[in-house]
Amino acid sequence: MSEPLALPELKFSDQLVDYPDAIAFMEDRVAQIYAGTARECLWFLEHKPLYTAGTSARPEDLLNPEKLPVYPTKRGGAHTYHGPGQRVVYLMLDLRQRGRDVRAFVQQVENWVIASLDEFNLQAHITPGKVGVWVPRPDKGEGREDKIAAIGLRIRRWVSFHGISINVEPDLSDFDGIVPCGITDQGVTSLVDLGYPVTLRELDTALIENFAAFFSADKPIQTQS
């Protein structure tokens, strides 16, 4: 029988985090995890308002470059927005202990988000050919759907970083400065916009409680910053 996985650390930041500071922390933590000197880590935070441009970002999808700071980043995906009211969770996990299967890992992340949203009776789904997690919007027309969560991951030496962002109650007008994830024919929504009065902490609880079911680990150890 294999040994159980070490418990990830849960890190919470109550203050808005600068994007460069987040990158620096993740870079350092990934190196430590690879070296075996630090635990895996899930970091729950909010960013100051900003845009990021992933490895698939197209310059023409940045519609208003003067609106907010723009940070090129080496995660997968195109342009996305981060800001207050959006729960960002960075996943620094050791895939050497979790199957070394990137495709399966991405599916685990997607299903984790979907199951966590289901705790609030919100039926979200994956749409083939589109990155992220979506909800149907029949009120906007046949076949319409809105994105409620973005997924952008990077793997270095089988350690993951970057992660997910779930729209709880962000300023949705800030998405107008970009073509979110390069998709022009659908929209962006949030839990509160859909009529679900969910708080960040309530969402955190759902994510934490569903983590073990999709990543085969017990409840993580919590820290505050």
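Which residues does Lys67 touch, not counting residues up to four places away in sequence? They are Tyr51, Ser173, Asp174 and Gly177. Contact here means heavy atoms within 4.5 Å. Lys67 sits in the loop between strand 3 and strand 4 (70-72). Helices (H or I, at least four residues) and strands (E, at least two) are DSSP runs, numbered from the N terminus. Lys67 is partly exposed, at a relative accessible area of 34%. On this scale, buried means under 20% relative accessible area, exposed means over 50%, and partly exposed lies in between (1.4 Å probe, protein chains only). Tyr51 is 16 residues from Lys67 in sequence, and 9.2 Å separate the two from C-alpha to C-alpha.

A word on the model. It is predicted: local features need pLDDT of at least 70, side-chain atom pairs count only at pLDDT 80 or more, and totals for chains, interfaces and linings use all residues. Residues are numbered from 1 along each chain as its sequence is written, and side-chain values use heavy atoms, with hydrogens and water left out.

Now the helices. Two packed helices are described by the angle between their axes and the distance between the axes. Helix 2 (residues 102-118) packs with helix 3 (residues 200-215) at an angle of about 135°, and their axes are 9 Å apart. Axes are lines fitted to C-alpha atoms, for helices over the stretch in contact, and angles run from 0 to 180 degrees between N-to-C directions. Helix 2 and helix 3 are therefore oblique to each other. Under 35 degrees would count as roughly parallel, over 145 as roughly antiparallel and 65 to 115 as roughly perpendicular; the rest is oblique. The crossing of helix 2 past helix 3 is right-handed.

Which residues make the contact? Helix 2 supplies Phe105, Gln108, Val109, Asn111, Trp112, Ala115, Ser116 and Leu117. Helix 3 supplies Leu203, Ala206, Leu207, Asn210, Phe211, Phe214 and Phe215. Eleven of the residues in this contact are nonpolar, four are polar and none is charged. Ala, Val, Leu, Ile, Met, Phe, Trp, Tyr, Cys and Pro count as nonpolar, Asp, Glu, Lys and Arg as charged, and the others, Gly among them, as polar.

Stay with helix 3 for a moment. Ala213 has its place in this helix. Ala213 is exposed, with a relative accessible area of 62%. Its C-alpha atom is 9.6 Å from that of Ala115, 98 residues away along the chain. Ser216 lies in the loop between helix 3 and strand 11 (221-224). Ser216 is exposed too, at 57%. Leaving aside neighbours within four places in sequence, Ser216 is in contact with Leu5 and Phe211.

Next, the charged pairs. Side chains of opposite charge can pair when their charged atoms come close. A salt bridge is a side-chain nitrogen of Lys or Arg within 4 Å of a carboxyl oxygen of Asp or Glu. By this rule there are 16 salt bridges. Glu9 and Arg29 form one of them, at 2.6 Å from N to O. Glu9 lies in strand 1 (residues 9-12) and Arg29 in helix 1 (residues 19-35), so the pair ties together parts that are 20 residues apart in sequence. Glu9 is buried, at 16% relative accessibility. Arg29 is buried as well, at 9%.

Asp18 and Lys48 also form a salt bridge, at 3.0 Å from N to O. This pair links distant parts of the chain, 30 residues apart: Asp18 is in the loop between strand 1 and helix 1, and Lys48 is in the loop between strand 2 (41-45) and strand 3 (50-53). Asp18 is partly exposed, at 32%. Lys48 is partly exposed, at 38%.

In a further salt bridge, Asp139 meets Arg137 at 2.8 Å, N to O. Salt bridges that share partners join Arg137, Asp139, Lys140, Asp146 and Asp193 into one network. Asp139 is exposed, at 58%, whereas Arg137 is buried, at 10%.

Last, the backbone. Most residues other than glycine have a negative phi, and most peptide bonds are trans. Arg157 is not a glycine, yet its phi is positive, about 50°. Arg157 lies in the loop between strand 8 (145-156) and strand 9 (159-167). Trp158 lies in the loop between strand 8 and strand 9. Trp158 has a positive phi of about 70°, although it is not a glycine. Arg157 is partly exposed, at 49%, and Trp158 is partly exposed, at 29%.

How values were computed:
A crossing is left-handed if the near helix is turned anticlockwise from the far one by less than a right angle, and right-handed if clockwise.
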